[in-house]
Amino acid sequence: MARKILLENIHIPGIKEYEVYRKNGGYSGVEKALKTMTPDQIVEEVKTSGIRGRGGAGFPMGLKWSFIDKKSGKPRHLVVNADESEPGTFKDRFLMEHIPHLLIEGAIISSFALEAHLSYIYIRGEYMWVFKILEKAIKEAYANGWLGKNILGTGYDLDLYVHCGAGAYICGEETALIESLEGKRGNPRIKPPFPAVSGLWAEPTVVNNVESISAVSWIVNNGGAEYASIGVGKSTGTKLISASGHIKNPGVYEIELGLTVDEFMNSDEYLGGMIDDRPLKAFIPGGSSVPILPAQYIFKTANGEDRLMTYESLADGGFTTGSSLGSGGFIVYNDSACVVRNTWNFSRFYHHESCGQCSPCREGTGWMEKILHRIETGYGREEDIELLWSIQGKIEGNTICPLGDAAAWPVAAAIRHFREEFEYHVRFPEKVKNIKHFVDEPMEKVRHLLTKTVQQ
Amino acid sequence: MKVTIDEHTIEVEPGTTVLQAARMIGGDCVPPTMCYYSKLEDCGGKCRCCLVEISKGSERDPRPMPKLQPSCVTAVQDGMEVKSATSPRALEARQAVTEFLLINHPLDCPVCDQAGECDLQNLAYGNKNFKTRYIEQKRTYEPEDIGPYIQLHMNRCVLCYRCVKLADQLTPERVHGVIGRGDHAQISTYISKAIDNNFSGNMIDVCPVGALTDKTFRFESRVWFNKPFNAHRDCPHCSGKVTLWMFGDHVQRVTARKDEYHEVEEFICNECRFDHKKAEDWVIEGPRKFEKDSVLNVNNYTRQLKKVKIDTDDLVLEGRKQDQKKISMSEFPFDQAEMEAIKKANEE
């Protein structure tokens, strides 16, 4: 059995409740941190742990904390990013729903480390029931003296609020989140200045993912070195993976980073293999915005090494033959899935969620969606494939925030690895007008049609 | 601080943006802008028209920046080297942005009041050989009445946010904004006919396209048929310095004075803009100058022209000076008529 950090106590009935959580060692991290450690010591521990931001970008968390501007003397804030909206990712919801006090405990310690006295959890609008769970948990924490004035008699004050967004993917981007938290329209800000210098109300702010913050109490209790001993290289600790798609056991799993993709996918402890006897076609390791990978690059990298569940190994090969760990939204497809339809679905999402602030993303996402929709429904043209390739290349890197990149990458990867499917859609429109086209006739069976058309 | 843009080096104050530095240099290296407005704070970074390549970050950190940077919000570092018009990457990205801006922009320039002074027109024109690759239907919006003076054509909007920033910074209360998101985001008052602030008319001037136009000038005249004059009046609300757009003796439109980047020099009030359409209300200073390549110059007599006199015939008759000397039959002097002709020629 692999080690569990976040989901260690998840099997205990009633862990959602304060009493049960406390009885099982909950809030001991706060006691240790506030009574025996200085803020700088905690930051050092987190740095030693090597934990990287679990929201998707994988930026080292300790480093991020050390950037916060303490010299200016302005009030500082911690904002927990619970605006988990990436298609395929549902790990934070699981964590907050089943063990909410873990997040609150982490938020208290992190706020103390950052010397923040006012912190927020920003949760997406669609998670209304989780919002209520967190509100209840925060109330319990206040009632038991973990929040408020003079916590544990140490003289440290902290107010923690949970704020509900209105349901926008873009508000998961840290500066858009801050804008939304300030009560404005959730448009990403132009960086610099970075939130560590000028964030919430122009005051130094750190924005961290729920999963990252939830790991802090364990790091404080057990030491950063202990955390760093798990994992491979710069990918330390454990990671929650939310698995979905054509697999036997979908759900949220905590894995030690460094597990092979093969083991994760096929062992009974985790996903248990494919859902039925149809073969594996593709997978997305980190939520909808990371590149999709075809079967030949899933278990092995292009160099023939084992593909591991780490930041580095999944990114091995760059965008040509690699992908990214992202936020851990693990989506598996068998050969009945249509990559074009899947890409269209993602594009539709990004089109809907683009904030509309900068031109390439506002116009480009809509354009890509329309083209993909045409191709998928049998109205595509041969030149549309090149057009899509060109549009994605012109969005990528030219936008204010990473949403533009997130919209461009899946399209690029789909064309890069599954161009034949696009060609099939364009050349055999009558076949793809049947919505179950690949369920009835997978690509394997129709591939010969494409080679025929090339010969003509 | 020293910054080099397209091989031109210039010394600037710290805090200057790359775009401002480029404008100081002038010429080809000035990137086009749709959303940036130097007179408004925090306005820019959105349209991505002004992307430049930064080939050297600074003297201290000479690494090039991997991504193209929006020059309007990128501050100059000491020793920075920027490629603007000399960077194929930046030019391609700008071209792409133009294409993106145009896919949903209606091509109704023939009936658009902004035509001739439209930044998007100029941007698209600068693209050269533009063919659309967009075959889908363009996005459209329901018409909306936002107030008595300003006509909103949401279909033409490029969401530059200039009018929003202007209302934030120039008027006490902003009553319009952006609602919705993505390519269905729109400028709206939500409550119709809500815009009535006395400085709201400046929204028309800052709008780079024909999304916000002057209702009192609507379909009155094409802008290039007007003669623009600088004029002023004694106004209790604003500086009163305006440009009058005249047709004969009629004032058809009043706008603020715009510089070469089409940015207003001094904002004016609605009273000056909409309520004083008689020439006698104004003190006319003289013709307004525009940059050379603007269509607005077509009908604009800003230069004083000398009358051209063609005097080839006279010169032929007079002959050259050396021919006026008698070289043959020198013992016979000129007669009276000849002497007079020579005298006249010498005098001139």
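**Entry 1: strand 12 of chain A**

A residue counts as buried if 20 or more other C-beta atoms lie within 10 Å of its own. I applied that to strand 12 of chain A, residues 329-334, in this predicted model. The strand is mostly covered, with 6 of its 6 residues buried.

Next I looked at where the residues point. Gly329(A), Ile331(A) and Tyr333(A) point one way from strand 12 of chain A. Phe330(A), Val332(A) and Asn334(A) point the other way. I noted the general rule beside this: in a regular strand the side chains alternate between the two faces of the sheet. Both sets in strand 12 of chain A are buried.

**Entry 2: the neighbours of strand 12**

Which strands does strand 12 of chain A pair with, and in what sense? Strand 8 of chain A, residues 238-245, runs parallel to strand 12 and is joined to it by 4 bridges. Here I found Ser242(A) opposite Gly329(A). Strand 10 of chain A, residues 280-284, pairs with strand 12 in the antiparallel sense, over 4 bridges. In that pairing Ile284(A) stands opposite Ile331(A). I reminded myself that strands of a sheet pair through backbone hydrogen bonds, either parallel or antiparallel.

**Entry 3: the domains of chain A**

I looked up the domain division of chain A. Domain 1 covers 18-228, domain 2 covers 231-334 and domain 3 covers 339-455. The C-alpha centres of domain 1 and domain 3 of chain A are 37 Å apart. The two domains still touch: 10 residues of domain 1 and 9 residues of domain 3 take part in the contact. I sorted the domain 1 side by class and got 7 nonpolar, 2 polar and 1 charged.

**Entry 4: Glu126(A)**

I found Glu126(A) in the loop between strand 2 (116-123) and helix 7 (128-143) of chain A. Is Glu126(A) buried, exposed or partly exposed? Glu126(A) is partly exposed, because 17 other C-beta atoms lie within 10 Å.

I turned to chain B. Its domain assignment gives domain 1 (2-99), domain 2 (133-219), domain 3 (221-305) and domain 4 (312-347). The C-alpha centres of domain 1 and domain 3 of chain B lie 32 Å apart.

I followed an open sheet of 5 strands in chain B, in the order 2-1-5-3-4. Its pairing is mixed. The edge strands are strand 2 (8-11) and strand 4 (69-70) of chain B, each pairing on one side only. Strand 1 (residues 2-5) and strand 5 (residues 80-83) of chain B pair in the parallel sense over 3 bridges. Val3(B) has Met80(B), in strand 5 of chain B, as its bridge partner.

What packs on this sheet? Helix 2 of chain B, residues 88-103, does, touching strand 3 (51-56) and strand 5 of chain B. The helix direction makes about 160 degrees with that of strand 3 of chain B.

**Entry 5: where chain B meets chain A**

I looked at the contact between the chains. 24 residues of chain B are in contact with 23 residues of chain A. Helix 2 of chain B gives the largest share of the chain B side, 6 residues. By class, that side has 14 nonpolar, 3 polar and 7 charged residues.

**Entry 6: a UniProt record**

For residues 89-128 of chain B, UniProt lists "domain: 4Fe-4S His(Cys)3-ligated-type", in an unreviewed entry. I checked this stretch in the model. It is 60% helix and 0% strand. Its end C-alpha atoms are 16 Å apart.

**Entry 7: Gln336(B)**

Last, I looked up Gln336(B), in helix 8 (residues 336-347) of chain B. Gln336(B) counts as exposed because it has 7 C-beta neighbours inside 10 Å. Gln20(B) is 316 residues from Gln336(B) in sequence and 71 Å from it in space, C-alpha to C-alpha.

How values were computed: Residues numbered from 1 in each chain as written. Chains lettered and ligands numbered in written order. Predicted model: local features only at pLDDT ≥ 70, side-chain atom pairs only at ≥ 80, totals over all residues. Pairing = 2+ DSSP bridges. Helix = DSSP H or I, 4+ residues; strand = E, 2+ residues; numbered from the N terminus. Contact = placed C-beta atoms within 7 Å. Axes fitted to C-alpha atoms, helices over the stretch in contact; angles between N-to-C directions. Nonpolar A, V, L, I, M, F, W, Y, C, P; charged D, E, K, R; others polar. UniProt positions renumbered as here; feature names shortened; annotations may be inferred. Buried ≥ 20, exposed ≤ 12 C-beta atoms within 10 Å, placed from the backbone. Domains from an automatic or database assignment.
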